[in-house]
Amino acid sequence: MENMVKIFSFILVATALVMGRESWALENCAQEQARLRAQVRLLETRVKQQQVKIARLLHEKEVQFLDKGEENSVIDLGGKRQYADCSEIFNDGYKHSGFYKIKPLQSPAEFPVYCDMSDGGGWTVIQRRSDGSENFNRGWSDYENGFGNFVQKNGEYWLGNKNLHLLTTQEDYTLKIDLEDFEKNNRYAQYKNFKVGDEKNAYVLNVGEYSGTAGDSLAGNFRPEVQWWASHQRMKFSTWDRDHDNYEGNCAEEEQSGWWFNRCHSANLNGLYYSGPYTAKTDNGIVWYTWHGWWYSLKSVTMKIRPNDFIPNVV
């Protein structure tokens with residue numbers, strides 16, 4: 001009988017131990033599952049954060065190849081020579097408008113630019129607005145390095161203040177601004193001796209003698225009494241994160257663009273894209289005051305430059 005009791009007691013203890021181990025194992029398993037689920041959620045969150053970051057960087061920092069079929073649209077000149085601007089390309093016999101690579105004299109590397117070989121030829125396009133597809137409400141770094149669509153014929157872009165400085169320090173350039181409204185009317189403004197300063201001087205703007213049909217909104221000579229606030233001559237470049245204007249507020253932040261603001265502008269070709277007349281808290285459209293005033297946003301704009309003394313080679 002005593003042996004039976006011992007055996008029964010042993011069985012009870014063994015059963016309790018087995019059940020205890022199973023309970024402990026199940027508890028540990030549940031804890032491990034919870035830990036793994038938490039890790040998976042953390043990893044998913046991090047992946048989503050990285051995806052958002054990558055998308056933002058692609059949009060803000062990289063050239064926007066909107067039409068994948070035209071990524072190789074830069075015209076290959078066969079490495080024949082390096083060209084300082086589009087006027088040299090034109091006078092070397094290339095008469096078709098399109099994207100070419102240029103290398104200004106002091107530039108460390110080549111970069112693509114659209115060459116307008118019409119209108120007398122040899123124009124280097126430094127800015128273009130055509131359809132509102134590109135975001136021009138950007139910070140200092142983007143405007144300094146350039147941004148936009150450098151593959152489509154009508155792609156919107158800003159060539160970059162560094163490149164504008166490198167281009168306009170190698171000789172005297174004429175700036176021509178082609179403007180079009182939504183009623184298919186066209187005007188232009190032209191300035192001799194267009195120059196953009198270096199980074200140390202916040203890419204200050206200098207323009208010379210005006211000619212054209214759109215009126216002198218850039219130098220503010222349309223009324224002498226308003227030049228103190230309307231002229232963009234000798235203004236430093238401003239963005240929402242680098243305020244260099246003469247206004248007590250921040251023009252770039254209010255107008256949602258980078259530009260050579262004064263107090264604030266009579267011309268702003270980097271403003272928001274509207275379809276003609278618009279209403280807003282500020283006059284933040286694509287504005288050329290002497291043609292359509294502050295409350296009409298233009299349909300298309302092209303800013304392009306060519307040496308003052310350019311003589312086309314027609315051979």
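**Close-up views of a predicted model**

**Figure 1. The disulfide of Cys-86 and Cys-115.** The torsion about the S-S bond of Cys-86 and Cys-115 is about -70°, so this disulfide is left-handed. Cys-86 belongs to helix H2 (residues 86-91) and Cys-115 to strand S2 (residues 111-116), so the pair ties together parts that are 29 residues apart in sequence. The sulfur atoms of Cys-86 and Cys-115 are 2.0 Å apart; a disulfide is a pair of cysteine sulfur atoms within 2.5 Å. Cys-86 is buried, at a relative accessible area of 0%, and Cys-115 is buried, also at 0%. Buried means under 20% relative accessible area, exposed over 50%, and partly exposed in between (1.4 Å probe, protein chains only). Helices (H or I, at least four residues) and strands (E, at least two) are DSSP runs, numbered from the N terminus. The model is predicted: local features need pLDDT of at least 70, side-chain atom pairs count only at pLDDT 80 or more, and totals for chains, interfaces and linings use all residues. Residues are numbered from 1 along each chain as its sequence is written, and side-chain values use heavy atoms, with hydrogens and water left out.

**Figure 2. The disulfide of Cys-251 and Cys-264.** Here the sulfur atoms of Cys-251 and Cys-264 are 2.0 Å apart. The pair links distant parts of the chain, with Cys-251 in helix H6 (residues 251-255) and Cys-264 in the loop between H6 and S10, 13 residues apart. The S-S torsion of Cys-251 and Cys-264 is about -90°, so the disulfide is left-handed. Cys-251 is buried at 0% relative accessible area, and Cys-264 is buried at 10%. A search of the whole structure finds two disulfides.

**Figure 3. The surroundings of Gln-127.** Gln-127 is in strand S3 (residues 123-129) and is buried, with a relative accessible area of 0%. The side chain of Gln-127 reaches the backbone oxygen of Leu-269 at 2.9 Å.

**Figure 4. Leu-272 in a loop.** Leu-272 lies between strand S10 (267-268) and strand S11 (276-277), in the loop. At 25% relative accessibility, Leu-272 counts as partly exposed. Leu-272 and Gly-285 are 13 residues apart in sequence and 4.6 Å apart in space, C-alpha to C-alpha. Residues that Leu-272 touches, not counting those up to four places away in sequence, include Arg-129, Gln-256 and Ser-297.

**Figure 5. Helix H4.** Seven of the eight residues of helix H4 (residues 161-168) are buried, so H4 is largely enclosed by the rest of the structure. Among the buried residues of H4 are Asn-161, His-165 and Thr-168.

Notes
Contact = heavy atoms within 4.5 Å. Polar contact = N/O pair within 3.5 Å; in protein donor to acceptor, adjacent residues only side chain to side chain.
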